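Here are my notes for you, written as a colleague would jot them down. Keep the model open beside you and look up each residue as you read.

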Amino acid sequence: LGKCFIQKKNFALARRNFQDALDSLPPGEEELRKDVLYELAVLAAQEKDYETAIRLGTELGNLDYFYRDIGKLLEQWQAEASRPKR
């Protein structure tokens, strides 16, 4: 459902549905957990919430640093987070 809301550009509902999915995932669902963490991290970064993006991306990186492009994204988000605010 979260991916549907991304397509509709309703990012608040997408984030809520991904968070609900993450909270209800049973142990052993690592591939789904990685996908949901990735989506949540990317959504946070799109909203310029780099602290959350980095936290979620780091959690994903601990599971699988090579999942999609999370390693590269983490570097980008850390650079953005360290830039002075205007």
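1. Let's begin at a glycine. G57 sits in helix α4; helices here are DSSP runs (H or I, at least four residues), numbered from the N terminus. At 0% relative accessibility, G57 counts as buried, where buried means under 20% relative accessible area, exposed over 50% and partly exposed in between (1.4 Å probe, protein chains only). Leaving aside residues up to four places away in sequence, G57 touches A41, I70, L74 and W77, with contact meaning heavy atoms within 4.5 Å. The C-alpha atoms of G57 and Y38 are 6.6 Å apart, although 19 residues separate the two along the chain.

2. A quick word on where this comes from. The model is predicted, so local features need pLDDT of at least 70 and side-chain atom pairs count only at pLDDT 80 or more, while totals for chains, interfaces and linings use all residues. Residues are numbered from 1 along each chain as its sequence is written, and side-chain values use heavy atoms, with hydrogens and water left out.

3. Now for helix packing. Two packed helices are described by the angle between their axes and the distance between the axes. For α3 and α4, the angle is about 160 degrees and the axes are 8 Å apart. (Axes are lines fitted to C-alpha atoms, for helices over the stretch in contact, and angles run from 0 to 180 degrees between N-to-C directions.) That makes α3 roughly antiparallel to α4; the cut-offs are under 35 degrees for roughly parallel, over 145 for roughly antiparallel, 65 to 115 for roughly perpendicular, and oblique for the rest.

4. Which residues of α3 meet α4? On the α3 side they are E30, R33, K34, L37, Y38, L40, A41, A44 and A45, and they meet Y50, T52, A53, L56, G57, E59, L60 and L63 in α4. By class, this contact has 11 nonpolar, 2 polar and 4 charged residues. (Ala, Val, Leu, Ile, Met, Phe, Trp, Tyr, Cys and Pro count as nonpolar, Asp, Glu, Lys and Arg as charged, and the others, Gly among them, as polar.)

5. Move along to the next pair of helices. The axes of α4 and α5 come within 9 Å and cross at roughly 155 degrees, which makes α4 roughly antiparallel to α5. From α4, the contact uses Y50, A53, I54, G57, T58 and L60, and from α5 it uses I70, L74, W77, Q78, E80 and A81. These residues divide into 8 nonpolar, 3 polar and 1 charged.

6. Is K34 buried or exposed? This lysine of helix α3 is buried, with a relative accessible area of 9%. Not counting residues up to four places away in sequence, K34 touches L60, L63, D64 and Y67.

7. Finally, check the aromatics. Rings of Phe, Tyr and Trp (its six-membered ring) pair if their centres lie within 6.5 Å; planes under 30 degrees apart count as stacked, over 60 as edge-to-face and the rest as tilted. That rule gives 2 aromatic pairs. Y38 and Y67 are edge-to-face because their planes are at 70 degrees, with ring centres 6.1 Å apart. They link distant parts of the chain, 29 residues apart: Y38 is in α3 (residues 30-46), Y67 in the loop between α4 (50-63) and α5 (70-82). Both are buried, Y38 at 9% and Y67 at 13%. Y65 and F66 are also edge-to-face, at 5.6 Å and 90 degrees, but Y65 is partly exposed at 41% and F66 exposed at 70%.

Note on methods: Helix = DSSP H or I, 4+ residues; strand = E, 2+ residues; numbered from the N terminus.
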